[in-house]
Amino acid sequence: MAETTNQVIKQYDKYVMNTYVRQPLVLTKGKGSRVWDVEGQEYLDLFPGWGVSGLGHNHPWVMRALRGQSTRLMHVPNNFYHPLQAKAAKALVERSFEGKVFFSNSGAEAVETAIKLSRKFGATDGRFEIIVMERSFHGRTTGAMSATAQPKYQQGFEPLLPGFVRAPLNDLEAVRRAITPKTCAVLVEPIQGEGGVRVASHEFLAGLRHICDERHLLLIFDEVQSGMGRTGTWFAYQHSGVTPDIMLLAKTLGGGFPIGAVIAKPAFADLLTPGTHATTYGGNPLGCACILATIEVIDQERLLERVRALSQHVMARLQRLKEQAPFITEIRGRGLMIGVELSIDGRPIVEACRAKRLLINCTQERVLRLLPAMTITKAQLDHGLNMLEEVLIQQQ
């Protein structure tokens with residue numbers, strides 16, 4: 001007998017740690033931008049896996065790569081070599097900047113790697129402080145949580161890892177004032193995701209590059225959410241032409257398979273030597289096969305161009321909607337990483353959308369966040385926007 005939503009939730013309540021604010025939805029199947037719950041009801045997903053499923057759910061090329069590799073070899077410990085890790089690293093470097101790659105299991109682990117690399121960089125002259133941006137989000141592990149400039153994620157877990165100094169996003173003078181003799185790096189998301197889809201200006205990123213060069217600091221871009229085509233370029237930093245020293249990736253990187261990566265310019269990458277850093281599962285053949293398939297899909301299906309075209313369409317529709325709904329205060333973002341800021345609580349709107357079988361997200365309590373798959377059709381996108389429009393108009 002098939003399980004019901006209530007039966008699965010009861011099992012969670014009894015056996016699974018309660019560490020998430022979960023919606024009462026039990027998903028069992030996905031295809032492209034559609035998912036189905038345990039009762040067989042279909043939903044349109046405009047926030048697929050927090051951005052993990054950037055190619056949509058179960059893209060056939062990724063699934064084929066995953067199935068093929070799983071029949072040959074699932075795991076190779078990192079004290080041996082396998083060809084796919086080298087190929088995946090080469091493919092990422094060719095699309096970003098000259099560097100070397102460390103593969104991890106997740107975005108948070110990529111952040112931890114960057115923290116260690118920064119401290120290693122500054123160790124010779126006693127520097128360990130990293131400047132982070134207000135409202136940033138870098139993950140939930142202890143180091144990543146300490147780098148996250150949102151107290152709500154840190155309460156009860158003190159003492160935090162020391163060495164993080166906050167500055168407002170898009171305020172270069174504040175960054176300059178935050179620099180001390182102990183500063184070794186600046187960590188910034190080119191577009192803050194959880195922080196409310198707040199975009200770092202081109203001028204700010206260029207100014208950070210200048211400051212970091214001038215003061216001998218590492219410039220680190222957290223592109224866990226904004227990378228891999230999400231904004232219409234391979235990486236969000238490419239809109240500004242400002243290249244970081246280190247870049248962090250995850251989410252769409254594996255096309256749905258859990259894997260993260262750190263790319264560092266060679267001079268800094270070589271600071272991590274054998275024995276100084278490691279991971280058990282990171283860069284395994286399954287994950288690397290998925291990375292290569294994801295890159296192939298983005299190239300072959302010309303998804304970067306597709307994202308730019310769809311973004312213009314979505315932004316234009318949302319701007320028209322803003323004229324009808326005065327509680328929409330701002331539409332912002334880049335590519336298919338879009339935030340709709342409201343002057344009212346956005347959480348009931350998310351629930352109303354779910355009742356219409358549309359899945360979106362709300363962050364910072366008042367910012368609706370849309371991260372549709374890069375493979376979504378225009379008709380699906382319009383259908384989703386129609387439902388969102390109906391819900392928003394009803395709020396007046």
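Is glutamine 364 counted as buried, partly exposed or exposed? At 23% relative accessibility, glutamine 364 counts as partly exposed; buried means under 20% relative accessible area, exposed over 50%, and partly exposed in between, with a 1.4 Å probe and protein chains only. The model is predicted, so local features need pLDDT of at least 70 and side-chain atom pairs pLDDT 80 or more, while totals for chains, interfaces and linings use all residues. Residues are numbered from 1 along each chain as its sequence is written, and side-chain values use heavy atoms, without hydrogens or water.

An open sheet is built from 4 strands in the order 1-2-3-15, with mixed pairing. Strand 1 (27-31) and strand 15 (358-359) are its edge strands, each pairing on one side only. Strands are DSSP runs of E with at least two residues, helices are runs of H or I with at least four, and both are numbered from the N terminus. Two strands pair if DSSP finds at least two bridges between them. Strand 3 (residues 42-45) and strand 15 run parallel and are joined by 2 bridges. Aspartate 45 has leucine 359 of strand 15 as its bridge partner.

Helix 12 (residues 378-394) lies across strand 2 (34-37), strand 3 and strand 15. Its angle to strand 3 is about 95 degrees. Axes are lines fitted to C-alpha atoms, for helices over the stretch in contact, and angles run from 0 to 180 degrees between N-to-C directions.

Helix 12 also packs with helix 10 (residues 303-324); their axes come within 11 Å and cross at roughly 20 degrees. Helix 10 is therefore roughly parallel to helix 12. Angles under 35 degrees count as roughly parallel, over 145 as roughly antiparallel, 65 to 115 as roughly perpendicular and the rest as oblique. The crossing of helix 10 and helix 12 is right-handed; that term applies if the near helix is turned clockwise from the far one by less than a right angle, and left-handed if anticlockwise. Residues of helix 10 in this contact include Leu310, Val314, Leu318 and Leu321, and those of helix 12 include Leu381, Leu385, Leu388 and Leu392. Contact means heavy atoms within 4.5 Å. The contact comprises 9 nonpolar, 3 polar and 5 charged residues. Ala, Val, Leu, Ile, Met, Phe, Trp, Tyr, Cys and Pro count as nonpolar, Asp, Glu, Lys and Arg as charged, and the others, Gly among them, as polar.

Helix 11 (residues 347-355) packs against helix 12 at about 130 degrees, with the axes 10 Å apart. Helix 11 and helix 12 are therefore oblique to each other. Their crossing is right-handed. Ile349, Ala352 and Cys353 of helix 11 meet Leu388, Val391 and Leu392 of helix 12. This contact has 6 nonpolar residues, no polar and no charged.

Serine 136 sits in the loop between strand 5 (129-133) and helix 5 (142-147). Serine 136 is buried, at 1% relative accessible area. Beyond neighbours within four places in sequence, its contacts are Ala147, Thr148, Ala149, Gln150, Glu189 and Gln192.

Several loops carry backbone exceptions. Most residues other than glycine have a negative phi, and most peptide bonds are trans. A cis bond joins glutamate 158 and proline 159, with omega about 0 degrees. Proline 159 lies in the loop between helix 5 and strand 6 (164-167). Valine 197 has a positive phi near 50 degrees. Valine 197 is in the loop between strand 8 (191-192) and strand 9 (198-199), and is buried at 0% relative accessibility. Glutamine 364 has a positive phi of about 55 degrees and lies in the loop between strand 16 (361-363) and strand 17 (367-370).
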